[in-house]
Amino acid sequence: MSRLGVFVDRQTLGNSEQLTALIRLRDSAEEMGHTVYFIFPVEIAKIGKVDGLFIRSRTDPLNISFVAAKMAELRGIPVIDDPASIQVCSDKVNMYLHLMQAGVRIPETVFVRKGELTERRARALFRELGSPLILKEPSTSFSLRVEKVQDVPGFLKTAKRFIKLSDWIVAQKFVESDFDWRVGVLAGEPLYACRYIIPQETFKIQATVNGHVVYCAVKGHPLEQVPGPILDAAVKAARAVGEGLYGVDIKDVEGTPYVIEVNDNPSLEGGEDEQSPGLYRKIIGHLVGDEGDRVREKTAPGRP
Amino acid sequence: MKGKSKAIGRGGGGRLLRRDLIHEKVRGGATYLIAEDYSYKTGAYYRILTLEMEGRETVPSTKDLLEAYVVPVCLARAGKAGLPVCDWGISDDRVPLPSIIYGISYFADPSEYSIVQNPETADNVIKYVTGNGKYPFCYQPIPEGAEIVPCAAIFGRTADAPEPLADLAARVYRIFRIPLMEIVSVYNGGYRLSSVTPVWYSQLSRDEKRILEEILTGECR
């Protein structure tokens, strides 16, 4: 039927879980009658030959995945992740600005600019956001360059490190939880859900503790059993960014959802599809047009 | 250009061309922002983003900036608009010689490029731009004897460029609308666009600074 391109790089294929996920994706596409082409960066010109492109390599506006997304967009080829989503989600300042504008509930957030890194400003931020607070360098992914700081000297030390990479950084109120909801949203509709169980040694989904990398556990969760306010928050947050595929991280604080992040290029290899077996078929259908699998038409009755 | 103008930055007065200043001029409903460095995640980039989030039309836009500074995207978009652009490819190890090489990664500097003429130089440059093989890069094969010509463009205007290059600069500005940029082109009987990069005030000639200052003070349309 159609040709689905999957844009991958060495890092994607160097990980056995990612490889397994790619094989499941390919099998689903072939069951649907499509042909799958894995496209590497050096073959970027082949993007013009596919009917839809699914990017499965780390995204950033400055790296090759953005080039791939843009090549597809310039040719009118449907692409996940689209360039605009990459631009918004890869930069936490941009992402939080979109969430704030859409009225999505997020932990209290302040942008700190180069030139504001003074003791006075740090004290004011602790008064405003409480202690500890979270500092984020805007290009963080997998919790890299996300730090919890307890006091003014800690704030200044971390902030000065981050400000070398970005003229604005993010300071955020610390919201504690044992787990984060991760809700996958495709074209503005919930696609899958899971819980990221935060390791006891850290407050992040991934961290280096005593020289060892600790990861969160991923527990798939049936979509229909996810609390309504969590799903509503996920959809509202995803729609604030765009119409692509997003993994929305949410903390539930005594029944009140706080959106922590909207991620483009969400992980699918950690067990996210455990309770959502049709996940790949829906993504493929969205990209290369299998009417029976289009999430938008299937889950949004009444939509024109 | 004429219009309401203000400068954002530490301190006031002093010379106009200070790297910490972002000049803003409102004209025809659009806000023009003039800064030395519009790179991703700089103060100028975030100032533009903030205005965009308020629904204001900005020149440049964050989208145009990102697309201009990522070389293959820049060439694909300019080529689609009909501009003469260099042939390009993506590699992670070898290139035809001679070639121009640009890094493509979070760590790549959009204003940095290398011209490689022989295998030894190519190996060293490729090791550097790929972070020892981690990232791909963009190469542009160039004809023997071709000349690499960088040229500052201020609202698409050049100070002393030959007419075909001045024309290329004006056309690049119409696509990306970056008030201050350097256009790197390859001349081999005609000019082909190689890249668009930031240009530092210190790199501008006296005539280029004069054009920019006239625009900032409203003496020039």
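Which residues form one aromatic cluster with B:Tyr40?

Analyst: This is a predicted model, in which local features need pLDDT of at least 70 and side-chain atom pairs count only at pLDDT 80 or more, while totals for chains, interfaces and linings use all residues. Residues are numbered from 1 along each chain as its sequence is written, chains are lettered from A and ligands numbered from 1 in the order in which they are written, and side-chain values use heavy atoms, with hydrogens and water left out.

B:Tyr40 forms one aromatic cluster with A:Phe111, A:Trp168, B:Tyr45 and B:Tyr46. Rings of Phe, Tyr and Trp (the six-membered ring of Trp) pair if their centres lie within 6.5 Å; planes under 30 degrees apart count as stacked, over 60 as edge-to-face and the rest as tilted. Over all chains, the structure holds 12 aromatic pairs. One of them joins B:Tyr40 and B:Tyr45, which count as edge-to-face because their ring centres are 5.4 Å apart and their planes stand at 90°.

Buried means under 20% relative accessible area, exposed over 50%, and partly exposed in between, with a 1.4 Å probe and protein chains only. B:Tyr40 has a relative accessible area of 10% and is therefore buried; B:Tyr45 is buried too, at 0%.

B:Lys41 has a positive phi near 70°, in a residue other than glycine. Helices (H or I, at least four residues) and strands (E, at least two) are DSSP runs, numbered from the N terminus. In these terms, B:Lys41 belongs to the loop between strand 3 (30-34) and helix 1 (43-53) of chain B. Its relative accessibility is 3%, so B:Lys41 counts as buried.

Chain A also has a positive phi in a residue other than glycine: A:Asn265, near 45°. A:Asn265 is placed in the loop between strand 15 (256-263) and helix 9 (279-288) of chain A, and is buried at 17% relative accessibility.

Cis peptide bonds are a further backbone feature. One runs from A:Ser131 to A:Pro132, with omega near 0°; A:Pro132 is in the loop between helix 6 (119-129) and strand 6 (133-136) of chain A. Another joins B:Leu97 and B:Pro98, with omega about -10°, and B:Pro98 lies in the loop between strand 5 (89-91) and strand 6 (99-103) of chain B.

Other aromatic rings in chain A face a charge. A charge sits over a ring if NZ of Lys or CZ of Arg is within 6 Å of the ring centre and within 35 degrees of the ring normal. A:Arg195 lies over the face of A:Phe179, 4.8 Å from the ring centre, and its charged end also sits over the ring of A:Trp181, at 5.9 Å from the centre.
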